[in-house]
Amino acid sequence: MGEDDMEAYRTQNRFLNSEIHQVTKIWRKVAEKEKALLMKCAYLQAKNCQVESKYLAGLRRLQEAVGVEAGECSELLRQLIQEALQWEASEASADSVVLSPISEYDEYGFLTVPNYEVEDLRLLAKIQVLEVHSHHLLAHEAVEQPLRERWAALGELAPSPEIKQLLRAGVPREHRPRVWKWLVRLRVQHLQGPGRYQELLSRGQACKHPAARQIELDLNRTFPSNKHFTYPASSFPDRLRRVLLAFSWQNPAIGYCQGLNRLAAIALLVLDEEESAFWCLVAIVETIMPADYYSKTLLASQVDQRVLQDLLSEKLPKLMAHLGQRRVDLSFITFNWLLVVFADSLISNILLQVWDAFLYEGTKVVFRYALAIFKYNEEEILRLQDGLEIYQYLRFFTKTICDSRKLMNIAFNDMNPFPKKQLRQLRMAHRERLEAELHELEQLKAKYLETRAARGPAVPEGCTSEDEGEAEP
């Protein structure tokens with residue numbers, strides 16, 4: 001090849017390199033512009049969700065104010081509400097940008113719009129899902145993306161103040177299985193042995209556990225709003241059955257207690273593997289929750305209800321005075337919160353953020369969030385004047401919480417100071433009182449049975465007891 005040819009190739013190469021450089025610059029500008037437009041679309045879609053949510057909330061307030069006696073106005077409201085409930089994103093024009101459509105189910109299989117039967121609550125459910133979607137869109141770039149990057153940059157996990165703060169902020173979905181497995185291993189490594197789970201399953205096949213019947217009944221009641229537990233072809237119910245049966249052999253003192261099905265189901269949805277879900281259940285029941293939390297008497301669960309009452313009176317005195325005047329007993333609502341760590345109460349993205357911190361820090365997190373939930377909705381509850389109306393609101397109000405950042409900030413900042421020592425002392429004091437009360441009840445029961453036995457037969461002479469069966473013909 002001649003020198004002229006070589007020079008020609010060099011010139012051509014320089015020209016091509018220059019062209020590639022120019023094309024790369026143009027591509028970068030287009031990519032940056034596209035990213036900016038997508039962010040703008042996300043923001044506009046979020047604002048649209050907010051506007052629609054406010055419109056629906058306005059309709060709901062008008063419906064409450066107008067009532068059923070207002071003739072034409074009431075009929076117009078009814079039509080507007082019907083239209084609002086029927087409108088779906090799919091009805092939007094075909095050429096519109098669908099940046100992040102609202103799906104029927106969330107990423108963990110739960111219904112995004114709760115299936116309330118009452119029309120007024122169905123309207124509320126639609127408001128909720130719009131607000132959740134709006135918060136998700138607005139938080140994605142500002143909050144979620146930096147969090148994802150921080151979790152991705154973490155190497156081997158080890159307890160630290162940084163991990164604690166990251167767990168409180170919530171683990172991104174793609175990192176959650178790995179992080180939960182690590183959190184569970186921290187708590188149960190002294191209990192784990194090779195082949196332990198398989199050994200427990202084999203024991204269950206060889207001999208039917210007394211708890212098997214109750215487990216079977218509860219399988220059909222586990223998360224009816226989650227497609228993984230309701231679709232006939234799903235493998236989740238079978239896997240949940242095995243996890244619960246294995247646990248009943250692992251801990252014969254408890255065997256099975258209502259509520260364990262929901263704890264194990266959440267573990268299965270996140271960790272996917274049966275064995276990992278089993279050890280997560282063991283970690284919660286045997287290493288995080290106090291002893292007797294899931295016993296037949298639910299002693300520690302009852303103690304924690306009294307502890308929560310004390311904490312609510314200290315942190316939210318105005319709210320507790322309002323509820324006290326209307327004779328509202330919060331334990332009807334909060335007993336289940338603590339027993340299943342909010343598994344039935346919060347929307348999944350907030351619920352799992354609570355669990356991220358709970359698996360690391362323990363039960364203090366549950367109390368922090370229980371207080372935060374009431375603080376978040378305090379103004380709305382104070383607005384309600386009738387006891388029955390308050391109970392109806394408390395039945396579903398946790399599902400109306402959409403802003404996970406706001407709730408987290410209340411739980412970990414507004415509820416301070418929250419010393420572990422205080423929680424320990426309250427538990428000890430209430431346990432002593434409750435045990436004394438139960439002891440007194442046992443004595444009363446024994447005395448009653450003794451008196452009854454001294455009286456002689458319970459059935460008067462001439463009457464037939466059911467135990468004696470039918471008289472012979």
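Colleague: What makes the meeting of the Arg241 and Asp238 side chains a salt bridge?

Modeller: A salt bridge needs a side-chain nitrogen of Lys or Arg within 4 Å of a carboxyl oxygen of Asp or Glu. For Arg241 and Asp238 the N to O distance is 2.7 Å, so the pair meets that rule. Note that this is a predicted model, in which local features need pLDDT of at least 70, side-chain atom pairs count only at pLDDT 80 or more, and totals for chains, interfaces and linings use all residues. Residues are numbered from 1 along each chain as its sequence is written, and side-chain values use heavy atoms, with hydrogens and water left out.

Colleague: Where do Arg241 and Asp238 lie relative to each other?

Modeller: Both are in helix 9, 3 residues apart, or about one turn of the helix. Helices are DSSP runs of H or I with at least four residues, strands are runs of E with at least two, and both are numbered from the N terminus. An α-helix has 3.6 residues a turn, so residues three or four places apart point the same way.

Colleague: Why is Asp238 called partly exposed?

Modeller: Buried means under 20% relative accessible area, exposed over 50%, and partly exposed in between, with a 1.4 Å probe and protein chains only. Asp238 has 38%, which puts this residue in the middle class. Arg241, at 24%, is also counted as partly exposed.

Colleague: What other partner does Arg241 have, and how do you know that the pair links distant parts of the chain?

Modeller: Glu216 also forms a salt bridge with Arg241, at 2.7 Å from N to O. Arg241 is in helix 9 (residues 236-250) and Glu216 in helix 7 (residues 212-219), 25 residues apart. Glu216 has a relative accessible area of 35% and is therefore partly exposed.

Colleague: How many salt bridges does the rule give?

Modeller: The count is 20. One of them joins Arg168 and Glu361, at 2.8 Å from N to O. Arg168 belongs to helix 4 (residues 161-169) and Glu361 to helix 15 (residues 348-361), and 193 residues separate them. Both Arg168 and Glu361 are buried.

Colleague: How many aromatic pairs are there, and what makes Tyr197 and Phe278 a tilted one?

Modeller: The count is 18 aromatic pairs. Tyr197 and Phe278 are 5.1 Å apart, centre to centre, with 40° between the planes. Rings of Phe, Tyr and Trp (its six-membered ring) pair if their centres lie within 6.5 Å; planes under 30 degrees apart count as stacked, over 60 as edge-to-face and the rest as tilted. Tyr197 lies in helix 6 (residues 196-206) and Phe278 in helix 11 (residues 274-288), so the pair ties together parts that are 81 residues apart in sequence. Tyr197 and Phe278 are both buried.

Colleague: Why is the pair of Phe332 and Tyr391 called edge-to-face?

Modeller: The planes of Phe332 and Tyr391 are at 70°, and the centres are 6.3 Å apart. Phe332 is in helix 14 (residues 331-339) and Tyr391 in helix 18 (residues 387-396), 59 residues apart. Phe332 reaches 62% relative accessibility and is therefore exposed, while Tyr391, at 25%, is partly exposed.

Colleague: How do you know that the length of helix 20 agrees with its number of residues?

Modeller: The expected span is 1.5 Å times one less than the number of residues. Helix 20 (residues 420-455) has 36 residues and should span 52 Å; the end C-alpha atoms are 53 Å apart, which agrees. Just after helix 20, Gly456 takes a positive phi of about 95°.

Colleague: Which residues of helix 20 are buried, and what covers them?

Modeller: The buried ones are Leu423, Leu426, Arg427, His430 and Leu434. Their cover includes helix 12 (299-315) and helix 16 (364-376).

Colleague: Why is His175 called buried?

Modeller: The relative accessible area of His175 is 12%, which is why this residue is classed as buried. His175 lies in the loop between helix 4 and helix 5 (176-188). Contact means heavy atoms within 4.5 Å. Leaving aside neighbours within four places in sequence, His175 is in contact with Arg148, Trp151 and Ala152.
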